[in-house]
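Subject: Model for your files

Hello,

Here is the structure I said I would pass on. My notes on the fold follow below it.

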Amino acid sequence: MQINETEIAKLEDALLAAQRILLLTHRNPDGDAVGSLLALFLVLKRAGKSVTPACRDSVPASFRFLPEWEKVVSEFEAENFDLIIVLDCGDLHQTGFDETKPQLFDGSRKLVKIDHHSAASEFGEIQLVDSRFCATSSILAQLFEKFQIPISPDVATCLLVGISTDTGSFRHSNTKPETLRLAARLLRKGANNSAIAKNIYRSTPLAALKLWGNVLQNLKQTKEGVTLAVAQRKDFETTEAKTEDLAGVVDFVNAVPDAKFSILLSERDGLVKASLRTQHPDTDVAKIASAFGGGGHVKAAGFAVPGKLEKETRWRVVANEKNSPK
Ligand SMILES: [Mn+2]
């Protein structure tokens with residue numbers, strides 16, 4: 001699997017010409033967003049460029065073991081750049097900077113898109129977009145190898161975080177032989193897999209565990225075979241958990257054998273957010289989500305609707321067993 005040669009050549013020229021480079025990724029950054037942002041930051045900085053990595057939201061605690069994570073800013077002077085590279089965003093709007101700093105995208109600076117989502121919208125004079133890649137980090141890895149840029153242990157760790165998290169720790173169907181070969185090459189370059197395991201997969205704040213406890217306690221299965229989970233505002237308040245603490249519980253909710261799909265509803269900022277997951281071969285949750293104005297992948301999708309959650313209890317009168325007719 002090779003990315004488009006013409007686009008790579010255009011990127012090489014743009015990088016050589018650029019002095020001040022801005023790197024952007026999406027809001028609520030995941031492992032691939034943070035990993036690809038920091039990997040490219042480290043490589044370009046080493047090449048002597050002035051580089052600023054930026055994200056509207058702060059780096060989640062579980063990725064704060066990565067080198068230079070504290071260099072990621074949410075505030076900066078928009079005028080200072082001659083090249084902008086947007087990572088892991090299908091749409092420019094996902095950066096959130098189109099709202100706070102629209103002048104960034106007024107066409108006066110060269111814009112590059114590097115992404116692996118099936119194209120939501122086209123933007124940028126240079127587009128390295130290929131949905132066959134499991135992660136934006138794996139596109140970067142191929143670029144670095146192609147440009148013969150030496151991959152330091154720090155860069156290797158950042159890239160491995162992106163690849164590992166976007167494949168669900170090598171469990172999703174996007175895990176291909178070349179994914180594992182790339183992971184092996186990154187380990188050989190010194191990627192710190194034990195730090196990844198410890199900080200990302202074996203670290204859950206107490207408040208998050210308590211929130212998960214509440215959610216799992218109230219799990220329901222509908223007669224249609226849908227696993228239903230709910231996190232109300234009061235669940236966040238009583239456990240003192242943050243919205244980001246909810247993320248990990250969805251894997252447990254989706255673990256019920258033979259479920260058609262699972263849905264996790266949560267309240268935030270006047271919205272009810274739904275996260276849909278499925279392991280069922282015949283269910284396409286992206287289709288369900290799009291019916292509610294959302295979207296995503298076949299096995300993982302979501303949507304949000306304005307409103308709040310209200311519990312409905314139904315009561316039914318049934319006959320005593322001993323009185324029931326034989
Ligand atoms: Mn990604």
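A residue is called buried here if 20 or more other C-beta atoms lie within 10 Å of its own, exposed if 12 or fewer, and partly exposed in between, with C-beta atoms placed from the backbone. By that rule 38% of the 326 residues of the chain are buried.

This is a predicted model: local features need pLDDT of at least 70 and side-chain atom pairs pLDDT 80 or more, while totals for chains, interfaces and linings use all residues. Numbering starts from 1 along each chain as its sequence is written.

The chain contains 11 helices and 11 strands (DSSP runs numbered from the N terminus: H or I of at least four residues, E of at least two). Domain 1 covers 5–200 and domain 2 covers 206–306, with bounds from an automatic or database domain assignment. Their centres, taken over C-alpha atoms, are 28 Å apart.

Leaving out residues up to four places away in sequence, Leu159 touches Gly35, Ala39, Ser137, Leu140, Ala141 and Leu186; contact means C-beta atoms, placed from the backbone, within 7 Å.

The C-alpha trace spans about 85 × 40 × 35 Å along its principal axes.

Regards

Key: Contact = placed C-beta atoms within 7 Å.
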